Amino acid sequence: YDGQLTQLTKDHSYVNVLVENGEITEEEAENHPKKNLIIKSLGTEKDIEPDLILLSYRPLTTLLLCSDGLSNKVSKTDIASILAAPASVEEKGQLLIRLANENGGEDNISLVLINRMNEEV
């Protein structure tokens, strides 16, 4: 809120467990050799317990759903400034994808932007 970028979900990875337990910092996690070792994913088990988040958000809020192909290549600062820019949702999405590609872009880059403009939903 108020120009802040807030991550609502958590990565289901070995390295994120280390961060949550205070064993390493977020900065150390960025380059950890086991960064891509996942501990929970769709399609690996017959039954899986999904994470569910009940979310209410204020007018003029933008919700970004994205893959790590974006979040690993574009800094939180850059994402926040692009989302706050006076541009259309389409332009913001294109800019985020272009920046991720410019920063390496070796992974799939997926995103959905939802912009709540007013009180009526």
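Predicted model: local features only at pLDDT ≥ 70, side-chain atom pairs only at ≥ 80, totals over all residues.
Biologist: Got it. How many helices and strands does the protein have?

Modeller: The secondary structure comes to five helices and two strands. Reading from the N terminus, the order of the elements is α-α-β-α-α-α-β.

Biologist: And what does the C-alpha trace span?

Modeller: Along its principal axes, the trace spans about 40 × 35 × 30 Å. The accessible surface of the protein is about 9,200 Å², and carbon and sulfur atoms account for 50% of that surface.

Biologist: What share of the residues is buried?

Modeller: Of the 121 residues in the protein, 21% are buried.

Biologist: Which residues make up the largest nonpolar core?

Modeller: That core has 11 residues: Leu64, Leu70, Val74, Ile79, Ile82, Leu83, Leu96, Leu99, Ala100, Ile109 and Leu113. Helix 4 (76-84) and helix 5 (89-102) each supply at least two residues of this core.

Biologist: Why would such side chains gather like that?

Modeller: As a general rule, nonpolar side chains in soluble globular proteins tend to be buried together.

Biologist: Let's pick one member, then. Where does leucine 113 lie?

Modeller: Leucine 113 is part of strand 2, which covers residues 111-116.

Biologist: Is leucine 113 buried or exposed?

Modeller: Leucine 113 counts as buried because its relative accessible area is 14%, and the cut-off for buried is under 20%.

Biologist: What is leucine 113 in contact with?

Modeller: Leaving aside neighbours within four places in sequence, leucine 113 contacts Thr62, Leu63, Leu64, Leu83, Val89, Lys92 and Gly93.

Biologist: Which residues does isoleucine 109 touch?

Modeller: Isoleucine 109 touches Ser67, Gly69, Leu70, Ile97, Ala100 and Asn101, again not counting residues up to four places away in sequence. Two of those names, Leu70 and Ala100, you have already met in the core list.

Biologist: Switching topic: where is leucine 54 found?

Modeller: Leucine 54 is in the loop between helix 2 (26-30) and strand 1 (61-66).

Biologist: Buried or exposed, that leucine 54?

Modeller: Leucine 54 counts as exposed because its relative accessibility is 88%, and exposed means over 50%.

Biologist: What about isoleucine 53, where is that found?

Modeller: Isoleucine 53 is also in the loop between helix 2 and strand 1. With 44% relative accessibility, isoleucine 53 counts as partly exposed.

Biologist: What does isoleucine 53 touch?

Modeller: Not counting residues up to four places away in sequence, isoleucine 53 touches Leu8 and Thr9. The C-alpha atoms of isoleucine 53 and glutamate 102 are separated by 32 Å.

Biologist: What does the asparagine 16 side chain reach?

Modeller: The side chain of asparagine 16 reaches the backbone oxygen of aspartate 11 at 3.0 Å. Asparagine 16 touches Lys10 and Asp11, not counting residues up to four places away in sequence.

Biologist: And glutamine 4, where does that lie?

Modeller: Glutamine 4 lies in the segment before helix 1, and at 59% relative accessibility glutamine 4 counts as exposed.

Biologist: Last one! How many positive and negative side chains are there?

Modeller: The protein has 11 positive and 21 negative side chains. The centres of the two sets lie 2 Å apart.

Definitions and conventions. Residues numbered from 1 in each chain as written. Heavy atoms only, no water. Core = buried A, V, L, I, M, F, W, Y, C linked by side-chain atoms within 4.5 Å. Buried < 20%, exposed > 50% of the residue type's maximum accessible area, 1.4 Å probe, protein only. Helix = DSSP H or I, 4+ residues; strand = E, 2+ residues; numbered from the N terminus. Contact = heavy atoms within 4.5 Å. Areas by Shrake-Rupley, 256 points an atom, 1.4 Å probe, with all protein chains shown as cover. Lys, Arg positive; Asp, Glu negative; His and termini not counted. Charge placed at Lys NZ, Arg CZ, Asp CG, Glu CD. Polar contact = N/O pair within 3.5 Å; in protein donor to acceptor, adjacent residues only side chain to side chain.
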